[in-house]
Amino acid sequence: MLDLQKYASLGAALSAALDRWPNETCLIEADRDREKVRLTYSDFKEMARPLCRALEDADFKAGDRAAIIMTNQSKWLISAYSIFFCGGVLVPLDYKLTAPEHLQLLAHSKARFLIVEYYLWRAITQAPEFAKLTAEIVLVTEVPAGADLRGAYRWEEFRRKGDPQFVPRLREDTACIVYSSGTGGPPKGCVLTHDAYLEQCAALTAWYPFWPGVRYLSILPTNHAIDFMVGFIGPFVCGACVVHLRTLRPEFVRDAFVRYRITYVSLVPMVLKNLERGLRAKFDELSPKKRWMLDRLIALNKMLTRGRPRVKLSRRLLPQVHKAFGGDLLALIVGGAFTDPATMQFFYDLGIPVTCGYGLTEACTAVTLNDLKPFRADTVGKPLPGTDVRVLNPDEDGIGEVAVNSRSVMSHYLDDPEQTAQTIVEGWLRTGDQGRFDGNGHLQLFGRKKNMIVTEGGKNIYPEDIESVFDGLAVKEYCVFAANYLWPQKTLGNETLVLVIRLEPNQQFDEGLREEMVARNRRLADFKRVGGYLLWEKDFPRTASMKIKRGDLADEIRASASRAQIVEI
Amino acid sequence: MQTTDQTLDQILSLAATHFKVPREKLTADDDFFKTLGIDSLQALDLLTRLEQHFRIELPDYELQGVSDFRTLAQRIQSRL
């Protein structure tokens, strides 16, 4: 891999990578069973060069911000590289947000340029807030013939001839603004420097190296901190290959493991569970005799891999299972949310190591990671090299708030000194997560102090972001909380949001109200919905400006109501 | 060409068979995540079955934000 110490910016490191491995494949893009794109590092450079020149001609300058809203595909990475080459700041936005949410974050980030896929652009142009679009130049990929571009340019035609000029950046300059939340409440745009990314990349690849020939299957959204690092920067600075799938149906994902002989893949817990379900169903179809054999082999593999993974041995013991994953898989990387230890153990026992870590966008990507020496399903691993992790104010069990200090921690939240001051205190990032170190230096997590949930799909959902959907509900007042925030538990998982309702005097809870609540809840994306409601008998405490005192209300609810009183909707 | 109602009826039957729930338990305006007890990946699995049945290709984004059978039927109908 490249010696990252030599490079001051992501643009410089990526440019060096394109020259270092010209003939290695860097990108494969497939849609269903059709391969659409296959690029070497040299091809990638040739694709990016005219775009860089066109950006220059469009007066894209050092420090200018450019947002990308795209699903995982080759043009995402080519665009991102071009932005860095021209000295720009990348704003990767979650393509799963709604068009009004995209417009809101585009405005907040002050992105001058926007690079977007056609179907997402179409939705943005149809949003009532479209008139408020702040980006000056919009490049749209894959526009069908005859479509109305609404003032945008076709990405494929936004090209100029000639040699673009590389724009150097310093380590302390901003590389990316990544939103960790805040489409309903205050936007949290994490400002991350080139130094943060390069340090994080060096730390991660020290434990999990890539090399030419490694194939990384990129199915987490590239805008997500994990895939951006492990599915773009990491593989590229090591000469490895990234495989993109345009269709994330489970069956095509399973096919891709075999077709492209995948080495690594990062998954959210929901996908890992889906794979487990598929394998278990296959196991259940076996004849009793074959099943008995399989169980014995799994037991043997488990015994032989107790101390460390022995992937080659496991492949020989359980060839059918490993063939289903292409036969070259070295590890499944899982993150983004709480992962059931039993699911991780299931895969490890089959000889497929699962690497579980802990991270947050505010800390670039990862804070801790399991090094598989030995495999532990009950922890989120050890701090990465160069990362200091502390447990603040530990209780009698050693559990306290996890705080992080490293060069990879964000510099601040964009345009929000107040939230920044609450989050980074004396150089330490307060994560809001509760944890403890065991005797072997492994971090274990025990719930959260923050009023939020993390879904199995790796989405952070803050009550403030979804509350407005209940505006106008025929009740006196309401407030949304994370159930685990109201009633802290020392485990993660089973996370749900609860709508706390205070009825008008003499109002009865009736079927009409319930239906209204259900209908409004369904306007939210499925993973953002509240799981139940709680009827509350007292007025909510409010500030002088009539804002709900959430902390005080939570204290009151905690003191006199229990989780069992939540009614499912 | 078949009507949206016919498409809807076929979707409900296919969903019932695929996820092994009684057909009569499913209605057009059901939130299929809840009624079928499935996550978004299982919903994508259903989409593949529907593609095979209707002989169309539906990009993943067509399912984004869709959680009831009626809207799903409309999305499919527009590509028949």
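Author: This is a predicted model, in which local features need pLDDT of at least 70 and side-chain atom pairs count only at pLDDT 80 or more, while totals for chains, interfaces and linings use all residues. Residues are numbered from 1 along each chain as its sequence is written, and chains are lettered from A and ligands numbered from 1 in the order in which they are written.

Chain A is divided into domain 1 (4-264), domain 2 (268-448) and domain 3 (462-568), with bounds that come from an automatic or database domain assignment. Chain A contains 18 helices and 28 strands, these being DSSP runs numbered from the N terminus (H or I over at least four residues for helices, E over at least two for strands).

Of the 569 residues in chain A, 48% are buried, a residue being buried if 20 or more other C-beta atoms, placed from the backbone, lie within 10 Å of its own. A nonpolar core is a set of buried Ala, Val, Leu, Ile, Met, Phe, Trp, Tyr and Cys residues joined through C-beta atoms within 7 Å. The largest such core has 164 residues, among which Ala67(A), Leu90(A), Leu192(A), Tyr216(A) and Val237(A) touch the most other members. Because domain 1 (4-264) and domain 2 (268-448) of chain A both give residues to this core, it lies between them.

Leaving aside neighbours within four places in sequence, Val237(A) is in contact with Met1(A), Leu2(A), Leu4(A), Ala13(A), Ala17(A) and Cys201(A), where contact requires C-beta atoms, placed from the backbone, to lie within 7 Å. Across chain A, residues 24 or more positions apart account for 68% of the contacts with a separation of 6 or more.

A second, separate core of 28 residues includes Phe338(A), Tyr462(A), Leu497(A) and Met517(A). As for the domains themselves, the centres of domain 2 and domain 3 of chain A, taken over C-alpha atoms, are separated by 32 Å.

Terms used. A residue is buried if 20 or more other C-beta atoms lie within 10 Å of its own, exposed if 12 or fewer, and partly exposed in between; C-beta atoms are placed from the backbone. Two residues are in contact if their C-beta atoms, placed from the backbone, lie within 7 Å.
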